[in-house]
Structure formats: C-alpha cells, structure tokens
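Student: I would like a close look at a single part of this structure. Please keep the account plain.

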Amino acid sequence: MARVMVMMSGGVDSSVAAALLLDAGHDVTGVTLKLWGGESDSGCCSVSDVEDARRVAAQLGIPHYVFNFSDDFDANVVAPYVDAYASGETPNPCVECNRTMKFGHVLERARRLDYDFVATGHHARIVETAAGPALARGADPAKDQSYVLYMLGPDELACTLLPVGELTKSEVRDRARDLRLRTADKRESMDVCFIKRGGREAFLSARIERRSGPIVDQHGEVVGAHDGIDSFTIGQRRGLGVAVGERRYVTDIAAGTATVTVGPPVALLQDRLRLRDVRWTQPPRRRPISVQFRAHGTPAPATVDGDEVVFASPQPRVAPGQVVAFYDGDVCCGGGLVAE
Amino acid sequence: MPDSVYLDHAASTPMRPEAIAAMVPFLAEHPGNPSGAHGASRAAKTALEEARESVAALCGCTPHEIVFTGSGSEADNLAIKGAAWAARARDGGLDRIVTSGVEHKAVLGACERLEREGFRVTRVGASTAGIVDLEALAGAVDEHTGLVSVMLVNNETGVRQPVDEIACLVRERAPGAVLHTDAIQAPQWIDFAPVVSEVPLVALSGHKFGGPKGVGALIVRDGIPLVPLVDGGGHERGLRAGTQNVAGIVAFAAALRITHDRRAEETARIAVLRDALERGFADQIPGFAVNGTPDARVAGILHCTFDDVEAETLLVALDQQGVMAASGSACSSGAVDPSHVLLSMGMPRRRALSSVRFSLGYASTGNDVDAALAIVPEVVAKLRAG
C-alpha cells in the first residue's frame, strides 16, 4: 500500500483512476486544481467540475482537496501561451501545464505532504526499462496521451501512477458506470481550459495588441491582408481570406514583419525539422525512431541528430512551438519543441 | 488525544444541545404554517413570535424590528441592497456607498452588484492592526452617501471595528445615510445590544453561535426604509417573503439566549485557551506572527502567519492529523484564495498565502489546545524541511 495523491479533474478518466488506485489497496487522496481564476472560468477548473470531482471522491470515500494554483498557472502556462502567439508560435498549453503544474507544483506538494506517488487519469503507461521507468503509449491507441507527457523522465515517473493507461476509453466508461460515478457519461473536454466560448482570438486580443499585416505567396507577392498573426498556424487552410485558384496553406509566419506566407501543399513539405529544448528521457537513440508532432497524429520515421530531426520522407511543416515527441516502438524517449 | 480537533468555529459552530432540543418539536410534531388560521398554524406562529421577542430582548430592540432571513449573507444583502435602493428612490443624489476592504464577501459582493447598477462604491482600507481606516472613512462619507457598511467583528482576524465611532461620524457627515453593520461574528463574544442602539441595520447568523445553518436575522430599526429582495406574501413586515423556517428560528433564539447567558463565562474560558494556543505556537514555532491587534481582538480567534509555509499545504497536512482550521475565505470551489482581508491590511500576497485562522468556540476544550500544540508545530517544521 502506498500513499497516492490523484489529480481529479472532474472527468471520467481521473474518476476511474482514483477508483482503480483504491482497488489496488492504496491510501488515496483526491485533489482538484483550481488553475484559472480569470473571466474565462469555463474549463477543467470550473466550479461544476470541482463539484463533480468532490462528489466522486465522496462516493469512493476518499478525502478531497482543492489546490489553488491560479497564480502559478498564470505565470507558467497562460503568460507563455500569450507570449508565444505574440511571437508567431503555436504553443501547447496542456503540455506546459503537465510540465509545470501537475508534474511540477503538485508533485512537489505531494512529496512535501509525504505522498509516495501522484496519479492522473492520462491514457499512457509506465514501463520498466534498463534505464529506469519510461513512459509508453496507452492501451487505447485512439486515446493515447503520452505525447502531452513526453517530458516525464525517470525521476518523475518513479513517483507517478497512470492507472487508466492500461484500459481503453470504453473500458474506463464501463468501469465508471459499474461504480455509478456521476462522471461516467460526461463528455470529454477538448478545448484549452482557460479559453471560453469567445475563442482563442477573443482571448488573445484582450491581452496582446493584434498587428495586422500582409498575406504573401511563396514569391513574396501580396495576395491579401490579415488582422493578426495569432489567427494563423502553419498548415492552416481555412480562414485565410485569400481567393486564388488552388488550395493555399500557411507555410510561414514572420512575427517581426507580421507577414503570413501561403503556398501550395508542396510548399508545406520538409525533410528536416529544427528543435529546441530537446530532452531525452531515455538514452538518446541514434538509429531511426518514430517522431510524432501532433497530439493524435501518425508518427513519422526519422532520426534525431542533436536538435535536428531528419525525416525518412518529407513531412508537412509543423508550427514553431509545437511539441515533437520521440518514440522507440511504444516507448516515449523524449522530445522537444519546434524551433523557428 | 481527541481524533478530531475542530478549530474552525468562526466558519460554523456545532449546534448547542439546547437549540437542537428547541427545534425538534417543530420538525417532528408541528406541521403548521405560521401564516395560517388554524390551531397548527397558531402553534407555529406563537413559537415564531416568542422566538422573535426573545431575540429582540437580547438585541435591545422591539420584536417587529427583527427580520428573519435564510442566512447571514441574505441579511447583509437585504440591508445593503435594500437600503441603497431605498435611498436612491428617495433621493437620486444618494448614490454613494462607503464600506471597508475587510468586509465579508456577502457585503463586498452586494456592493459590487450595486456598483454595476451605477452606485459609486468606496472601499476604505485597514491598518496593519486590522482596524478600518477611520480617517479615510471620514473622507469618503459625504452628503451623497446613502449607505455605510462596516462590520462589527472581522471574521478572519477577529478584530473588533470601531462601529460606535463610525456611527457618530455618519450622523455628522451624512445625515441621509443609513449605517449597516455585519455583526455575524459578534454574538459569541460581545454584548452587541449597545451597538444596536447606535446602528439601524445589524446582520446576524445563527450558526456562528450554536444555532442552525440556514437562519439569519436582520435588525431593521424603526423608520429605516428598505426595498425587499424577495416579494410575495408579506412575511416579515413585507421585507422578506417566504414561509418562515420556524424550527430554525426557534433554535436561533434558543442558541442566542444560551450564548447571552453564558457569554461572560465562556469568553473568559476561551480567551485562556486561545492565549495558551498562541503562546504555545510562539514558543515552539520560529517565524510565527499573529495577525490582528490583540488590543481589539475577540477571544476565540487566533489568526497567524507561518513564514515560508503554504497555508494550503499546511491545512491539508493538519486535516490529515485531524486538526481542522481555515485560511482566507474559501471560494465556492473550495480553493483557498489569498485573503482579501489581509491584503486590505497591507499584507504582502506571499504572507497572506502563509496565513491560517484557528478559531475556538463554546465547544472548545483544553484537550483541543493540547492536541493542536502537539501537532501543529511538528507539521510546520516538517513542511519547512521539505
């Protein structure tokens, strides 16, 4: 039996995670993070989600606490998110939240409070390797979330449990229904938790000055205009407002001149990708591995050399700031962020 | 050593046995609606009015000046919105509200709502001792002021506010203004009848002095016009429609009676316990400081800061050892926000987030203090060590 602090978002996965930990005989405490106190209080930290988590904890008979990390969340997740868009990047705030909040502040607080493990409802597994515990893809390929946890290395994983990673999503829901948990049929949250219905552009335009600029083609010819670079991401096709003969995609965003470049699909392809903040959580692999650059994207074969990814065959361009995760089979070995 | 050490009486007290005994017949035996015309209704009405008379006698007002509500927050809201709306209806120029930054959220929230309706709200700060800044208040109150609201005892620090001086000041500077005081933390510690003689609107809440949750009262002195929040059947002199919570009101009155009768004895006993707790912490815990001036603090509250300890973490660690305390004011989600009271007293945010309230009440014993002294210093030291 171990003392486990399980982070309960008020969703079905973390509800079932708590139940599975209890089944395994652990001494379990539920915590819900209040991350966002701003006006867009609509997502994973809304009062009704806290209430769901609290009720599930009560049904399971475990103590439940709410941790107010809204100051830290603002500094570690929201501010960098806004800054990234302002500089033409496409950030992944959920990854930053996992890194700095769930497996940063919460893990530290759990250790302080003498817990042996933290747990979440992420669909990923922890496997033992020669180099210590490693993150691996969840049992349900359609729901695998190892990508957003790519930064977890042996230090964090040694005190982490991911109980629902062994189940498929439908098994999780079945389990929740069997236990009559009120979150059993709750719909999944898909959006960035701190952005409400007004959407990303409204959120950003309240925080950064939007700079209009030209839309140019691959030859530098002006083909349109835009209200702000934060409306665009590399590979975007919709909402360009550019009427030309064939399909055009965003191929480049230059923050300095507020210029958005569009081009045909072929202009999106690249055979190399420069990364920053590369972190290997496993011994670096020299041989070809697979590289994933979208949350549910198909991984592409590639080799990683220093901070450069070399694809076996050309791949669509990826926006700066996006996460690239390295996989050796099912084992996540690390990753990095796309550099400019 | 007790299994659980309840040191959160300022949040809610256990019900006094006498209050439970008083309410049970009105839950178990008497079905009547006090507004009806038959025997069962008469029984309920008699109990309701006897309770009102009893409360009025203890408050130093007449029975018809007592308006029972569904909570202390409702009493505050009725006072603030009711008086502000009535003032503006009487004279469109009376659109100014003056309150303090250390008020309970029921008061601050009501004022915010009025601000959105076009009232001008001034919130004066407090000294580091926790006392509302009288000079700033005097500067803010003028002939446009329709309402002034300052609490009698702060719910976090336990510091008593100079409401009698504020009453003088309002009379001098703002003849058109009505003064309200949230006295919800007062009854256990203070004979507040003298305050009622000076202040025309006074809010109370049953569960802060051994009564039930879900019953509050607003004292509305004669001639003070209020616009009701709930319209309907004319209950409570037309100021609060809705069938009265007879059982709860009977228990409220019983609890207030016992609290009044035992106040001197209980306050003296609890002050000794609180002081022992404070001294024990001060002796055993470095980086410990008390918040709120001891010169004006009620007997049951020890609000303190533990340097370099997150209150949120400390409260979890204490709860796991059975010690129940509080920090700041819990928001609806249960998360701990930095206390607006401490911030209003000029405390830096970081210190505010390291501050905890231990509050004793009539049910507290020496065993509770001994247990807290055995547990809290050790937990604080451990959290600091990481």
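Student: In chain B, what share of the contacts with a separation of 6 or more is accounted for by residues 24 or more positions apart?

Tutor: The model is predicted. In chain B, 72% of the contacts with a separation of 6 or more are between residues 24 or more positions apart. The secondary structure of chain B consists of 12 helices and 12 strands. Chain B has a radius of gyration of 21 Å, close to the 21 Å that the globule rule gives for 386 residues, so chain B is as compact as a globular protein of that length. The C-alpha trace of chain B spans about 65 × 55 × 35 Å along its principal axes. Of the 386 residues in chain B, 54% are buried, a residue being counted as buried if 20 or more other C-beta atoms lie within 10 Å of its own.

Chain A can be set beside this. Chain A is divided into domain 1 (3-122 + 162-178), domain 2 (209-263) and domain 3 (268-338). The centres of domain 1 of chain A and domain 3 of chain A, taken over C-alpha atoms, are separated by 27 Å. In the contact between them, domain 1 of chain A contributes 7 residues and domain 3 of chain A contributes 5 residues. On the side of domain 1 of chain A that touches domain 3 of chain A, 3 residues are nonpolar, 3 are polar and 1 is charged.

As for confidence, chain A has a mean pLDDT of 90, with 96% of its residues at 70 or more. Over residues 39-45 of chain A the pLDDT is below 50, and this stretch has 21 contacts in the model beyond near neighbours in sequence.

Methods:
Residues are numbered from 1 along each chain as its sequence is written. Chains are lettered from A and ligands numbered from 1 in the order in which they are written. This is a predicted model: local features need pLDDT of at least 70, side-chain atom pairs count only at pLDDT 80 or more; totals for chains, interfaces and linings use all residues. Domain bounds come from an automatic or database domain assignment. Two residues are in contact if their C-beta atoms, placed from the backbone, lie within 7 Å. Ala, Val, Leu, Ile, Met, Phe, Trp, Tyr, Cys and Pro count as nonpolar, Asp, Glu, Lys and Arg as charged, and the others, Gly among them, as polar. Helices (H or I, at least four residues) and strands (E, at least two) are DSSP runs, numbered from the N terminus. The radius of gyration is taken over C-alpha atoms; the globule rule is 2.2 Å times the number of residues to the power 0.38. A residue is buried if 20 or more other C-beta atoms lie within 10 Å of its own, exposed if 12 or fewer, and partly exposed in between; C-beta atoms are placed from the backbone. pLDDT is the predictor's confidence in each residue, from 0 to 100.
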